Amino acid sequence: MGEKSVVQNTPLPRTRAGLIEDLRQIGLKPGMTVITHSSLSSLGWVCGGPVAVVQTLMDVLTTEGTLVMPTQTGDYTDPVQWNNPPVPQEWLPFIYEQMPAFDPRITPSYHMGRIVETFRTWPGTLRSNHPLLSFAAWGKHARTIIDNQSLAYGLGEQSPLARLYDLEGQVLLLGVGYDSCTSLHLAEYRAPGTKVVQQSAPMYEQGQRVWKTYQEIDLNSEIFPDIGAEFEQTGLVMIGKVGSAHTRLFPQRAAVDFATQWYIKRRNQSPNKPK
C-alpha cells in the first residue's frame with residue numbers, strides 16, 4: 001500500500017503514545033520476551049514511521065523484556081533455485097564467485113519490511129550469524145536467543161525459535177497473518193516426516209569467504225493460516241487492534257506444541273507419509 005493510500009485510510013495519525021496504549025490493551029507487558037512480525041502500513045500512518053514503532057515496542061517491554069524479529073535473507077540461497085525472477089544460466093559462475101559473503105553486521109534483510117530493517121540496525125540490537133534464517137534481538141535475553149544458531153536446520157532445536165520456546169516467549173502478529181509466524185516452523189522440525197533438502201550460501205568461515213552447503217528441511221508456511229485458525233479455538237490468542245492493525249498475541253510454546261501435534265496427526269493420516 002502506498003503512503004497516499006495509508007494517509008487516506010487513517011482517521012488520525014498513529015502516535016507512539018497511542019500505540020503504547022493499544023499494545024498494553026492487547027496484553028503486552030514489561031519483561032515479556034516477544035518475537036514480532038509486522039506490517040508498517042497496516043498500522044495506519046504512523047508519526048515517526050518505523051522508528052516510532054520500534055520505540056513503542058521497547059517502551060512497553062522495557063530493558064527487562066526482550067524483543068526479537070526475524071531478519072531473513074531469502075536472496076542468500078543457491079541461485080539455481082531462484083525463480084522470482086530466475087537468473088540466466090550463464091550468470092551462475094559470476095554469482096558463485098563474486099556474491100558478497102553474509103555478514104550479520106551489514107547484510108540487509110530481504111523483503112522483511114521497514115520495521116525489521118529499522119530494528120536490525122538499532123543500537124544494542126544483536127543478530128545471529130545465519131546466511132538465510134537470521135534473527136535480531138534486543139533486551140535482557142538477546143544474547144541467549146541469538147547465540148549459537150546452527151547452520152544446518154536453522155529453525156530447529158539449535159535456533160532462536162527453540163530458545164524462545166525455552167524462555168516461554170510470546171508471538172506478536174502486528175498486522176500480519178499466521179503465514180508470517182516463523183515460530184510454527186519449529187513444529188515442522190519436531191513432527192516426524194519432514195523432507196530434507198540442501199541449501200547453500202556465501203559466508204565467512206575462519207575469516208575466509210566460502211560458498212557453504214548445508215542441510216535444511218523443506219520449509220513451507222502455506223498451511224500456517226489453517227493451523228492458526230484452529231489454534232485460536234483454544235482461547236489462548238489475544239486479538240485486538242494496534243493502530244489500524246489487526247493484531248494477535250499468544251504464547252509461542254503453546255502454539256508450537258499445538259502445531260507439532262497438528263502435523264503429527266495429519267502426516268499419520270497421509271497416504272504418502274514416509275515409510
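Which residues line the largest cavity? Before I answer, please keep in mind that this is a predicted model, in which local features need pLDDT of at least 70 and side-chain atom pairs count only at pLDDT 80 or more, while totals for chains, interfaces and linings use all residues. Residues are numbered from 1 along each chain as its sequence is written, and side-chain values use heavy atoms, with hydrogens and water left out.

By a cavity I mean a set of points, on a 1 Å grid over the protein atoms alone, where a 1.4 Å probe fits but cannot get out, and its lining residues have an atom within 4 Å of a point. The volume is the space filled by probe spheres set on the points, which are joined across faces, edges and corners.

The count comes to one cavity of 30 Å³ or more, and the largest cavity has a volume of about 40 Å³. Its lining is made up of L19, L23, L43, V53, T56, L57, L174 and V242. Two elements, α2 (16-26) and α3 (49-61), each give two or more residues to this lining, and α3 gives the largest share, three residues. Helices here are DSSP runs of H or I with at least four residues, numbered from the N terminus. Seven of the lining residues are nonpolar, one is polar and none is charged, where Leu and Val count as nonpolar.

Let me turn to F258, which sits in helix α10 (residues 252-269). F258 is partly exposed, with a relative accessible area of 24%, the limits being under 20% for buried and over 50% for exposed, with a 1.4 Å probe and protein chains only. Leaving aside neighbours within four places in sequence, F258 is in contact with I227, E230, F231 and T234, contact meaning heavy atoms within 4.5 Å.

Note on methods:
1 Å grid on protein atoms, 1.4 Å probe; cavity = no way out; pocket = protein on both sides within 12 Å on 5 of 7 lines; lining within 4 Å.
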